[in-house]
Amino acid sequence: MAKIVILSGAGLSAESGLSTFRDSGGLWDQYDISVVCNYDSMQKNEELTIEFYDKRRAELEFKEPNYAHKVIVELKKEYGSDIAVITQNVDNLFEKAGMNSEDVIHLHGFLPELRCQDCERVYTVGYKKQNEFGDGLCPECSAKLRPNIVFFGEPAPKYELLSEHISDCELFIVIGTSGEVIGVNSIAQFTDRSILNNLEPSGAIEDSLFTKVFYTKATDAIDEIANEIDEFLA
Ligand code: APR
C-alpha cells in the first residue's frame with residue numbers, strides 16, 4: 001500500500017468557498033445532523049434531506065479547486081501509488097483540479113452521485129436535483145434514489161481502504177479535519193512521521209503526537225507539506 005497517506009476534511013475545501021461542518025457558522029450550525037445526515041434521515045425526513053443535498057450539489061457547480069487541491073493532484077500524478085489521497089469530503093474539487101476519479105478515495109460518498117435504495121446502483125448526476133434525474137427513481141429497478149453519501153450510523157465500506165493504507169504508511173498527513181469522525185491520534189501515534197495542518201487546535205486531536213504541525217490555511221501550508229513529501233520520497 002502507499003508510503004504516504006494524505007487524509008483531508010472540509011477544511012481543505014474551505015478556501016474554495018465550501019462550508020466546513022463544525023467551524024462557527026458551519027453546516028452543523030445551520031442544520032441538525034440527526035435530521036439530514038442520519039441512518040434514518042431518508043425514512044424520517046426525506047424531503048428535507050433531499051433538499052439539503054440538492055442544495056449542496058447545486059452549489060458545487062460554481063466552486064473551483066484551490067491551490068492546495070492543485071498541489072495534491074500534482075503530487076499524486078508525480079508519485080502515483082506511493083501516495084494515497086483519501087478524503088472525507090464529498091465534493092468534486094480534486095476531480096475538477098484534474099485528479100483521475102480512481103485516484104482519490106471518498107470515504108463519506110460523493111455529492112455528484114445518487115444511489116438506488118434498492119439495487120444500490122450508483123448514477124452520476126452532476127449538479128442536478130435528485131428529482132430532475134429520472135423523477136428521483138432508479139432507471140434500472142424504479143425504486144427511490146438517495147444521495148450517495150454515508151450518513152451517521154451507516155456502513156462506510158471505504159474505511160477498509162483507509163485501514164489498509166495506514167497499516168503500513170510511513171508518512172501520515174492530515175489536512176483540514178477536526179478529527180471528530182476519524183480518530184487521527186492513534187494513526188499519528190503509530191506512524192513514523194506525521195504532519196497536521198488545521199486552522200487551529202481541535203479538541204479531538206492531540207497535536208503533540210504529530211511530527212510537524214501547521215496551524216494555518218491549507219493553501220499556505222501546502223508548499224511546505226509538498227517539500228516534506230519530495231524529501232521523503234527522494
Ligand atoms: N485550511 C486548513 N484547515 C482548515 C481551514 C483551512 N482554510 N478551514 C478550516 N480548517 C479546519 C478547521 O480547523 C477544522 O479543524 O478544518 C477542520 C474542519 O473540521 P470539520 O468542520 O469538523 O470537518 P471534518 O473534519 O471534515 O468533518 C468530518 O464529519 O459531519 C461529518 O461527514 C462529515 O466528513 C465530515 C466529517
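A polar contact here is a pair of N or O atoms within 3.5 Å; within protein, one must be able to donate a hydrogen and the other to accept it, and residues adjacent in sequence count only if both atoms are side-chain atoms. This is a predicted model, so to speak of local features takes pLDDT of at least 70 and side-chain atom pairs count only at pLDDT 80 or more, while totals for chains, interfaces and linings use all residues. Residues are numbered from 1 along each chain as its sequence is written, and side-chain values use heavy atoms, with hydrogens and water left out.

**Stop one: the ligand.** Now check the ligand's oxygens: one is 2.5 Å from a side-chain N or O of Thr 177, one is 2.8 Å from a side-chain N or O of Trp 28, and one is 2.8 Å from a polar backbone atom of Phe 21. The protein buries 96% of the 730 Å² that the ligand exposes when taken alone (Shrake-Rupley, 1.4 Å probe).

**Stop two: the second largest pocket.** Select His 106, Gly 109, Glu 113, Asn 148 and Lys 158, the nearest to its centre among 19 lining residues. About 390 Å³ of space lies in there, as the space filled by probe spheres set on the grid points. (A pocket is an open set of points on a 1 Å grid where a 1.4 Å probe fits, with protein on both sides within 12 Å along at least five of seven lines; lining residues have an atom within 4 Å of a point.) β3 (104–106), β4 (109–116) and β6 (145–149) each give two or more residues to the lining, and β4 has the largest share, four.

**Last stop: two loops.** Glu 120, between β4 and β5 (122–124), has phi near 70°. Ser 142, between β5 and β6, has phi of about 65°. Most residues other than glycine have a negative phi.
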